Amino acid sequence: TVVVAGTAQTPEALLPGAENCATPVRVTRMAPEECREVLARAARLLELNIEDAVAARIATLSNGMPQVVQALGLAAARSAGREGTTHVTNAHLVEAVNEVVQGAAPEVVHVYDQATVRARRGIYPEILLACALAPRDAHGTYNVADVRLALQNIVRREVRGLTNQVAALTEVGRGAVVEKQGLASAARYRFVYPA
């Protein structure tokens, strides 16, 4: 028996030509509570104290992906350790995010760069960040209104007419980092590859 593990929308995308021999096991993304529990267990083992706000932020940023929870948690713990403390704060998380981003695979960096290239007065880096921070449903999807609220918190001003910019992130020219589900006003979006 050969077991192929990976993340893809379909078995064919993960292993081309294996349509007839692959039995996909669908694993849902972790709920925020599960992400926080992973962090709490690790913190107990390492005798660390992770602030609740930090754990909640890691749960949001991870998009339910266990490897991201682990990477951010580990990097934040290392940051606290370098400082000589067992109390993990938001400052340690900021350093952890930078560390994880710097260590990202080249293809992830390329897609990010493609999605966030600025066109005239565009704010695509902020829009992509707002997509990452927008509240999601159980399927990991969000709508434009959720993105708008997150973006307004980032840029500290009212934002209008965001539908076209969020939809642009589904296009190949912007890296196709998100996919659209549903039509027009009922459309929901989710990251294709959460990394």
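**View A. Ala176 in the loop between α9 and β3.** Ala176 sits in the loop that runs between α9 and β3. In this predicted model, β3 covers residues 178-181. The backbone at Ala176 has a positive phi of about 45°. Ala176 is not a glycine. Is Ala176 partly exposed or buried? Its relative accessibility is 27%, so Ala176 counts as partly exposed. The cut-offs explain the label: buried means under 20%, and exposed means over 50%.

**View B. Arg156 in the loop between α8 and α9.** Which loop holds Arg156? Arg156 is placed between α8 and α9, and α9 spans 163-168. Arg156 has a positive phi of about 60°. Like the alanine of View A, which is not a glycine, Arg156 is not a glycine either. The relative accessible area of Arg156 is 71%. Arg156 is therefore exposed.

**View C. Ala138 in the loop between α7 and α8.** This loop links α7 (124-133) to α8 (144-155), and Ala138 is part of it. Ala138 counts as exposed because its relative accessibility is 78%. Which distance separates Ala138 from Ala31 in space? From C-alpha to C-alpha, the two are 7.5 Å apart. Along the sequence, 107 residues separate Ala138 and Ala31.

**View D. Helix α7 and its buried residues.** How many of the 10 residues of α7 are buried? Seven are, and the helix is mostly covered. The buried residues of α7 are Tyr124, Pro125, Ile127, Leu128, Ala130, Cys131 and Ala132. An α-helix has 3.6 residues a turn, so residues three or four places apart point the same way.

**View E. The packing partners of α7.** Against which elements do the buried residues of α7 pack? Helical partners include α3 (52-62) and α6 (106-116). Helices α8 and α9 also pack against these buried residues. A strand, β4 (188-191), takes part as well.

**View F. The protein chain as a whole.** The secondary structure comprises nine helices and four strands. Along the sequence, the order is α-α-β-α-α-β-α-α-α-α-α-β-β. The protein chain has 195 residues, and 33% of them are buried. The accessible surface of the chain is about 12,200 Å². Carbon and sulfur atoms account for 55% of that surface. Consider the contacts between residues at least 6 apart in sequence. Of these, 49% join residues at least 24 apart.

How values were computed. Residues are numbered from 1 along each chain as its sequence is written. This is a predicted model: local features need pLDDT of at least 70, side-chain atom pairs count only at pLDDT 80 or more; totals for chains, interfaces and linings use all residues. Side-chain values use heavy atoms; hydrogens and water are left out. Helices (H or I, at least four residues) and strands (E, at least two) are DSSP runs, numbered from the N terminus. Buried means under 20% relative accessible area, exposed over 50%, partly exposed in between (1.4 Å probe, protein chains only). Contact means heavy atoms within 4.5 Å. Accessible areas come from the Shrake-Rupley method with a 1.4 Å probe; for residues, only the protein chains shown count as cover.
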